[in-house]
Amino acid sequence: MKHSRFLSAAAFAAVTAMTLSACGGGGAASADSDEPIPIGVIADLSGATGDVGTPYNEGMLAYVEQLNADGGINGREIDAMSNDYAYEVPQAEELYRRYLSDEAVAIQGWGTGDTEALRTRVANDELPFMSGSFSEELTDVEESPYNFLVAATYSDQMRAALNWIAEESGGEAGVAALHHDSPFGTSPVGDGEAWIDEQGLDIDFTSHAMPAGTTNFAGILSQVDSAGAEYIIIQNVASPAAQLARDLKAQGGDQTIVCLNWCGNELFATGAGDATEGHVMVQPIAPITTERPGHEAILAYAEENGMDPADIQVSFVQGWYAMHIMAEGIRHTLDAGEDLTGPAIRESLETMGPIDTGGVIGEGTVEFSADSHRGSTTTGLYEVKDGELAVIEEAVSP
């Protein structure tokens with residue numbers, strides 16, 4: 001039986017006034033209980049990043065459905081409380097308080113702005129928190145002791161992109177970083193500039209915000225041309241990145257686009273026709289077309305539920321494995337005979353050793369420690385060929 005609860009952003013707004021702020025930690029489900037295990041899910045289904053937030057959320061809930069159908073965790077189902085916050089930080093904060101009241105034992109979040117805004121509260125409440133954000137700001141274990149990142153940070157992805165550009169260009173290049181106008185967008189920009197200096201790369205680097213709702217990027221592309229950039233690194237989601245690729249082709253530009261995580265996907269590859277052909281993606285999650293062992297469970301789920309494998313986006317895969325990693329931490333805690341408290345789950349994640357992803361994330365496993373909550377530091381490089389993601393290089397580490 002599937003256990004997930006969902007409210008749209010509109011429905012959620014109608015009940016937030018009734019939500020009471022909770023004090024102290026989240027749930028503390030007994031190791032001997034047979035009750036469902038509550039996990040709060042903060043999802044963007046209708047906001048500025050909903051194009052990738054929706055399949056990510058679908059992947060998490062699909063994993064929960066499959067896990068529950070297979071007997072759950074030690075006979076206990078997961079109760080995934082999933083709600084749309086429409087990429088609005090105040091709504092994420094209200095959802096978090098609600099999940100705390102509902103005794104969630106862990107949280108699956110989404111955006112950088114809201115995840116960073118919540119991290120102090122998460123630490124005080126001792127509630128394990130994974131997220132769709134890979135902001136390097138979240139990797140300081142002293143400041144963010146309950147945040148866990150399952151894949152390479154945006155900054156590591158930026159470093160990998162700059163290294164590839166330096167090699168591809170023969171050493172000298174102009175690079176324009178175009179980014180979402182938010183903490184998510186700016187997250188790797190400063191680290192990219194620092195990396196160029198630290199490594200002595202002969203790269204002229206500029207950055208430009210991509211305002212939300214823009215339907216024509218001709219103006220920004222003119223700035224890119226004026227700066228002499230031959231490469232465009234995009235830290236944004238797929239829809240605006242695809243629009244930029246269309247505009248680039250329409251005005252005859254010859255820059256190479258390098259998309260980081262959230263535009264390095266099938267939506268970008270197919271969202272602008274042949275305008276995306278030959279552009280590059282830095283993507284730490286192996287897409288379904290790479291046929292890794294870790295994709296087999298997802299394909300089995302797809303077959304059972306009448307899904308076309310061609311429709312399974314890498315964002316879906318990412319959501320599936322984010323929930324898998326949290327579930328394995330919970331499983332380890334129960335196997336140790338411990339109650340499902342935040343500190344117990346945190347200790348499990350830090351001490352349980354490598355979590356197998358069947359080759360899907362980084363070098364194939366995700367591993368945390370008490371000193372580092374960076375589960376993986378490597379990423380894949382892909383090129384768009386005939387609308388698909390073709391591997392350039394695997395397990396790239398900056």
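Predicted model: local features only at pLDDT ≥ 70, side-chain atom pairs only at ≥ 80, totals over all residues.
Visitor: Why is A322 called buried?

Guide: Buried means under 20% relative accessible area, and A322 has a relative accessible area of 2%, so A322 is buried. The residue is found in helix α12, which covers residues 314-335, and, leaving aside neighbours within four places in sequence, A322 is in contact with Y56, Q108 and M130.

Visitor: What makes T49 count as buried, and which residues does T49 touch?

Guide: The relative accessibility of T49 is 2%, and because the cut-off for buried is under 20%, T49 counts as buried. T49 has its place in the loop between β2 (37-43) and α2 (50-69), where, not counting residues up to four places away in sequence, T49 touches D44, Y87, W110, H180 and V237.

Visitor: How do you know that strand β7 pairs with strand β8?

Guide: Two strands pair if DSSP finds at least two bridges between them, and β7 and β8 (residues 202-210) have 9 bridges, in the parallel sense, so by that rule they pair. Within this pairing, H180 stands opposite M210 in β8. Strand β7 is also joined by 5 bridges to strand β9 (residues 231-235), again in parallel, and there H179 stands opposite Q235. As for cover, 8 of the 9 residues of β7 (residues 172-180) are buried, so the strand is mostly covered.

Visitor: Why is helix α5 described as largely enclosed?

Guide: Of the 15 residues of α5, 12 are buried, so the helix is largely enclosed by the rest of the structure. Among the buried residues are Y154, D156, R159, W164 and A166. Helix α5, which covers residues 154-168, reaches 21 Å from its first C-alpha to its last, close to the 21 Å expected at 1.5 Å a residue. The helix is followed by G170, whose phi is positive, near 85°.

Visitor: What makes the pair of F148 and F368 edge-to-face?

Guide: Rings pair if their centres lie within 6.5 Å, and planes over 60 degrees apart count as edge-to-face; the rings of F148 and F368 have their centres 5.0 Å apart and their planes at 75°, so the pair is edge-to-face. F148 lies in strand β6 (residues 147-148) and F368 in the loop between β13 (365-366) and β14 (379-385), so the pair ties together parts that are 220 residues apart in sequence. Both F148 and F368 are buried.

Visitor: How do you know that Y154 and F184 form an edge-to-face pair?

Guide: The rings of Y154 and F184 are 5.6 Å apart centre to centre, with 65° between the planes, and because the cut-offs are within 6.5 Å for a pair and over 60 degrees for edge-to-face, the name applies. Y154 lies in helix α5 and F184 in helix α6 (residues 183-186), so the pair ties together parts that are 30 residues apart in sequence. Y154 is buried, and F184 is buried too. Elsewhere, Y63, Y301, F316 and W320 form one aromatic cluster.

Visitor: Why is A151 called buried, and which residues are in contact with A151?

Guide: The relative accessibility of A151 is 1%, and since buried means under 20%, A151 counts as buried. A151 is in the loop between β6 and α5, and, leaving aside neighbours within four places in sequence, A151 is in contact with F134, P284, I285, I361 and S376. The C-alpha atoms of A151 and G375 are separated by 5.8 Å, although the two residues are 224 residues apart along the chain.

Visitor: How do you know that β14 and β15 pair?

Guide: The rule asks for at least two bridges, and 6 bridges join β14 to strand β15 (residues 388-396), which run antiparallel, so by that rule the strands pair. K385 stands opposite E388 in β15, and in the hairpin of β14 and β15, which has 2 residues between the strands, D386 takes a positive phi near 55°.

Notes: Residues numbered from 1 in each chain as written. Heavy atoms only, no water. Helix = DSSP H or I, 4+ residues; strand = E, 2+ residues; numbered from the N terminus. Buried < 20%, exposed > 50% of the residue type's maximum accessible area, 1.4 Å probe, protein only. Contact = heavy atoms within 4.5 Å. Expected span 1.5 Å × (residues − 1). Phe/Tyr/Trp six-rings, centres within 6.5 Å; stacked < 30°, edge-to-face > 60°.
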